[in-house]
Amino acid sequence: MLWLVCILLGFIFQIATIIILEYRNPGKAIAWMFILFLFPLIGFILYYFVAQDYRKRKKVRRRGPRLFQEVRATLRKQSTIVNSAEDMHQEEFWHQERLFGLLTHVSDSPITGCNRTKVLSDGEAAFSEMLEAMETAKHHIHMEFYIFRADRIGTKFQDVMIRKVKEGVQVRLICDGLGSYHLPKSFVRNLQEHGVEVYMFLPPLIAVMDRRLNYRNHRKILVVDGTVGFVGGMNVGDDYLGLYEKMGYWRDTQLKIEGDAVYYLQSTFLGDWRLASGQRLFHQDFFPEHHCNTDEQVQILVSGPDQHGDVIQEVVFGAISVAKKRIWITSPYFIPDQSIYTGLLTAAVSGIEVIVILPYQSDNRLVKLASLSYVEELLRAGVKFYQYRKGFVHAKVLIVDDLLASVGTANMDMRSFFYNFEMTALMFDQSPIQKLSRDFEQDIEDSSPITLREFSRRSLRQKGAEKLARLLSPLL
């Protein structure tokens, strides 16, 4: 009888610990308690190693954003900063003081006014531009990817990196320790032996021991000589070229940037480099002055557990809150938190056109089930959903009216908003917004609509699986 009391007390202790530590995140607390009920002791051990609040790590805050603080004054002197809503190119923005205030106060990266962007809509176009830019490097190449594969395109990147090192160019590469877990050590060793500096961001064993396994670096950054940069949904692998038979054609969006905004891609890379390697890098050649001959307005948003606040989530919420005509979203994973969910529902009920494009074929069944669990409720409110049929859509795009558009690494899900290290670029000029809108309209042509009548007829088994996945969604 005594052993039964001890087990019960132990179980109560585990539940109480989760409730006390996660009182600010009830959805997360419920998900962990559900796991605890299924696997009483194992669930608590998992919670101990996986659920640590990364923001409480003082060394992370010290090594990451502090570096940015040190160079911010330099960047602002060299950048064309947009200081008021009246300075925005669009008249529509002149009446959005509240949104402008959010954008300028929630992020350390300002809206800059001396940029040129190019939207790249598939892997072939993106990799071609990225490799071409790398070939022009004279001083440095800085790369950061969640996934880097040792396949055909990965080998092309490797060859260019090694060749540029021989030409005297500094080449640095960060790969996420979990996302690039299958990258062969021989591939990395070959790079290092030829002078490429390579570091893994939180390798799994270190992450487990330090209780940070749940926090991954999902950013995709390429900076060449501090003047050209790339950001978007694409990692380095043949799957992004549509060469994986299982996934087929891979639809993604990458953004090429020239101008002021590259400074903020660079500063983010340097902060991540310090976290991964322990090295503090700063040189004026990383932030070269440039002549302003273009005037696109761009803002780089950085979000992650090393930052104060959930910048990308807050900006997404703020943007959809001011929408008057349309909210168009493309995301491979759709697990909105309560505020984003309510914002989309309210917008649709108000008569705003809300369209979400999801993949028909997903690379993660559990996440797909969780995504579908939100569909019926939003369909009833008037949100339109489409499933991409041409292949697999991996783009992360948000378009709000003709006001702004975003391209980045963050999915429309809670993992991207609250756990991962992410980055997104906001664009405010008509040229990139119109290009993204045309791509979106083409994606709709390549998709099939989800109708309420058909979707509501799915089996009880399917609905049950979706509800179970929804319960776990704060952890996915």
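Leaving out neighbours within four places in sequence, Ser406 touches Lys396, Val397, Leu398, Thr424, Ala425, Leu426 and Met427, where a contact means heavy atoms within 4.5 Å. Ser406 sits in strand S15, which covers residues 404-408; strands are DSSP runs of E with at least two residues, helices are runs of H or I with at least four, and both are numbered from the N terminus. With a relative accessible area of 9%, Ser406 is buried, a word that stands for under 20% relative accessible area (1.4 Å probe, protein chains only).

The model is predicted: local features need pLDDT of at least 70 and side-chain atom pairs count only at pLDDT 80 or more, while totals for chains, interfaces and linings use all residues. Residues are numbered from 1 along each chain as its sequence is written, and side-chain values use heavy atoms, with hydrogens and water left out.

Among the buried residues of H7 are Phe127, Met130, Leu131 and Met134. The elements covering the buried residues of H7 include strand S1 and helix H8.

The protein chain has a mean pLDDT of 86, and 82% of its residues reach 70 or more; pLDDT is the predictor's confidence in each residue, from 0 to 100. Over residues 58-64 the pLDDT falls below 50, and this stretch has 16 contacts in the model beyond near neighbours in sequence. Where pLDDT is low, the predicted coordinates should not be read in detail.

Note on methods:
Buried means under 20% relative accessible area, exposed over 50%, partly exposed in between (1.4 Å probe, protein chains only).
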